[in-house]
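Here are some questions and answers for a reader who has not seen this structure before.

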Amino acid sequence: MVKQSGPAFRAYGVEIARLTYDRLRADPRAATVFDPKIFADPNRSRWFADLMVMTIEHIDDLDAFSVAAEAMSERHLKEGIHSGHYLFLAQAWPGAVRDVLGLGASDSVIDAWEETFWYLASVLLAKKDELQRIHYLPKAA
C-alpha cells in the first residue's frame, strides 16, 4: 500500500510536510516540545518530503534504508529530537495527508503509512539512542 501511494507522495510530499508543520505550529501543546527554529527552516518541508519518498523507495530493502536512517538519526541527535516529537508528528501528519490527497488518502493508505511511520520512528529512535551512547562513552585510556 505504501509503494502504491508513491506517485502521490512524490507529487505532493512537500505540500503534505508544509501542512503538517503548520498543524504542529498551531498546536499549543506541540509548541512546548518543538524548537521554533524547526518551523523556520525553509528546507524542513523538503527534507520531510524526501524522507517519505526515501521510505517508499526502500521499504523492500531495509539494508539500503539503514544507511539513510543512520544519517537521519545523527541529525535528530544534534537537534534534540525525541519520542515526544514523533507523537505530535503522528497526530498532525495523517490529517495533512487527508487534506492534501483527499479521496486518494483512503483509510487503508493512512493505516499503512501509520504503521510505516511507527516502524520508521522506532528505527530512528533506536539508532539515535545508539549514537548517543557512542558519543557519550568515556574514551579508553
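The model is predicted.

Q: How far does helix α1 reach from its first C-alpha to its last?
A: Helix α1 has 21 residues, and at 1.5 Å a residue 30 Å is expected. The span in the model is close to that, at 28 Å.

Q: Is Gly6 buried or exposed?
A: Gly6 is found in helix α1. A residue counts as buried under 20% relative accessible area. Gly6 has 0% relative accessibility, so it is classed as buried.

Q: How far apart in space are Gly6 and Thr55, C-alpha to C-alpha?
A: In sequence, 49 residues separate Gly6 and Thr55. Thr55 belongs to α4, while Gly6 lies in α1. In space, their C-alpha atoms are separated by 9.4 Å.

Q: How is α4 oriented relative to α5?
A: The axes of α4 (residues 44-58) and α5 (residues 62-79) come within 10 Å and cross at roughly 155°. Angles over 145 degrees count as roughly antiparallel. Therefore α4 is, relative to α5, roughly antiparallel.

Q: Is the crossing of α4 and α5 left-handed or right-handed?
A: Residues of α4, including Trp47 and Leu51, meet residues of α5, among them Phe65 and Met72. The crossing of the two helices is left-handed.

Definitions and conventions:
Residues numbered from 1 in each chain as written. Predicted model: local features only at pLDDT ≥ 70, side-chain atom pairs only at ≥ 80, totals over all residues. Heavy atoms only, no water. Helix = DSSP H or I, 4+ residues; strand = E, 2+ residues; numbered from the N terminus. Expected span 1.5 Å × (residues − 1). Axes fitted to C-alpha atoms, helices over the stretch in contact; angles between N-to-C directions. Parallel < 35°, antiparallel > 145°, perpendicular 65-115°, else oblique. Left-handed = near helix turned anticlockwise from the far one by under 90°. Contact = heavy atoms within 4.5 Å. Buried < 20%, exposed > 50% of the residue type's maximum accessible area, 1.4 Å probe, protein only.
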